[in-house]
Amino acid sequence: MAFFRKEKNPPASSSGIAPAKGKLGVMIPGMGAVATTFVAGVEAVRKGYAKPIGSLTQMGTIRLGKRTDGNSPLINKFVPLAQLDDLVFTGWDIFTDDMYTAGRKAGVLENELLDKVKPFLKTVKPRKAVFDRHYVKKLDGTNVKKGKNKRDLAEQLRADIRDFRRKSGADRLVMIWCGSTEIFLRPGEAHSSLAKFEKAMEKNDVAIAPSMLYAYAALMEGVPFANGAPNLTVDLPVMHELSRKNNAPICGKDFKTGQTMMKTVLAPAFKARMLGLSGWYSTNILGNRDGEVLDDPESFKTKEESKLGVLEHILQPEMYPDLYGNIFHKVRINYYPPRGDNKEGWDNIDIFGWLGYPMQVKLDFLCRDSILAAPIVLDLILFLDLAQRSPELSGIGIQEWLSFYFKSPMTAPGLYPEHDLFIQSMKLKNTLRHLKGEQLITHLGLEYYD
Ligand SMILES: NC(=O)c1ccc[n+]([C@@H]2O[C@H](COP(=O)([O-])OP(=O)(O)OC[C@H]3O[C@@H](n4cnc5c(N)ncnc54)[C@H](O)[C@@H]3O)[C@@H](O)[C@H]2O)c1
């Protein structure tokens, strides 16, 4: 498939990427199923108990040069990434459970594996969270900071960041939001500039959700931030401004794990073959705490928006009205405790072909939510850290090349996001090639027939 127009490759960049020296501190607001599965997994891999399956940075290769060159190094060897042994962790949560106890409660990993890494997990204890039930109706906890206003709370988070930097001896930091899905919010006046945002924090403006305070704190401290939830968080002019100003790259939002990953594989296939689509009904049953939070209509709305945008962008109904002008797209998430983290996602897809004849595709994905999310968390941390060490990327704010990992990829204002998983994969790998001054791969391939 030729994804790229024939064009001259841009001049080789002089790389200039700073080496990944010393420790990388990972800070995680939200120590639930995803975060514990990720941290326990990193330790299990470090100890040699398991393999980092699903992680592009750990298992992926990147082809360089022609197909006939046979040169496909590991990504990990090609660009200077932090090594797993160099990762140190901290987190925040409204519950007081350390990573071991939280991991046991999440019920994703087997007790036998958790027990093997217990001494390490016990050392990762939650800092007091910034939390407000207004934004996550279904949860309540006691491990919560008090402050005179939102700005004061944000300052406390900044103090936590500095404290972690000092105590852990980390040379560099990254923050990744693995906290709950907040209620649906829209960008507004309060988010339009740094001055307005800071004023709004002082006035406890309801437009400012806790996740935004974490992001603000991180960016003010020059720490890159990734948003794993569908929350508004860094999708705001104020955050773009701060990110660029402080050379702290940002990316988001909403980890692309199960059903949406499949959607962004299948929809481009239908479109590539000019097959029509009349309806796509997606339903999920899920029984973890995330499922419980999403049982609240206001949090579900945030998730729904994130999941719905995908088809519209991939199929471009305005360009193909005969094929995609009249699609019925529905997404449902049903909280069903017996399944725990083992989600089941069903898709019924009504397509049509030659002369309009209808066909159906049924997809039943019995997946494990956090098992799919954990390697994404790892890759995002390592790539955001790389971005901050890369002169070409550190000051640009949004890292669109990391779209590969998100349901609602962030883009520069006015630019539509690329949702097709393979375009995203190509974009990511070509960015790495570009950073290292390698030829981009266009898949044109005419040179083999000279
Ligand atoms: N697992 C997946 O496949 C997947 C995919 C995409 C997005 N996500 C998102 O990732 C997030 C985490 O998912 P999960 O399954 O680990 O959920 P979870 O409910 O197990 O964990 C979330 C944790 O965040 C904590 N929390 C909530 N608000 C907080 C705050 N303000 N500060 C600190 N901690 C806070 C909760 O107490 C909880 O422990 C959710 O928003 C989810 O929608 C998950």
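This is a predicted model: local features need pLDDT of at least 70, side-chain atom pairs count only at pLDDT 80 or more; totals for chains, interfaces and linings use all residues.
Local features need pLDDT of at least 70 and side-chain atom pairs count only at pLDDT 80 or more, while totals for chains, interfaces and linings use all residues. Residues are numbered from 1 along each chain as its sequence is written.

**Exercise 1.** State which residues and elements surround the ligand.

*Solution.* Start with the shell: 36 residues surround the ligand, a residue being near if its C-beta atom, placed from the backbone, lies within 6 Å. The closest are Gly30, Gly32, Val34, Ala229 and Arg289. Next, assign elements, which are DSSP runs numbered from the N terminus (helices H or I, at least four residues; strands E, at least two). H1 (33-46), E2 (87-93), H12 (289-293) and H15 (369-389) each supply at least two shell residues. H15 gives the largest share, 4 residues.

**Exercise 2.** Explain why the ligand shell lies between two domains.

*Solution.* Take the bounds, which come from an automatic or database domain assignment. Domain 1 covers 24-255 + 370-435 and domain 2 covers 259-366; both give residues to the shell around the ligand, so it lies between them.

**Exercise 3.** Compare the radius of gyration of the chain with that of a compact globule, then find the buried share.

*Solution.* The radius is taken over C-alpha atoms, and the globule rule is 2.2 Å times the number of residues to the power 0.38. For 450 residues the rule gives a value near 22 Å; the chain has 22 Å, which agrees. Finally, 46% of the residues are buried (20 or more other C-beta atoms within 10 Å of their own, C-beta atoms being placed from the backbone).

Methods:
A residue is buried if 20 or more other C-beta atoms lie within 10 Å of its own, exposed if 12 or fewer, and partly exposed in between; C-beta atoms are placed from the backbone.
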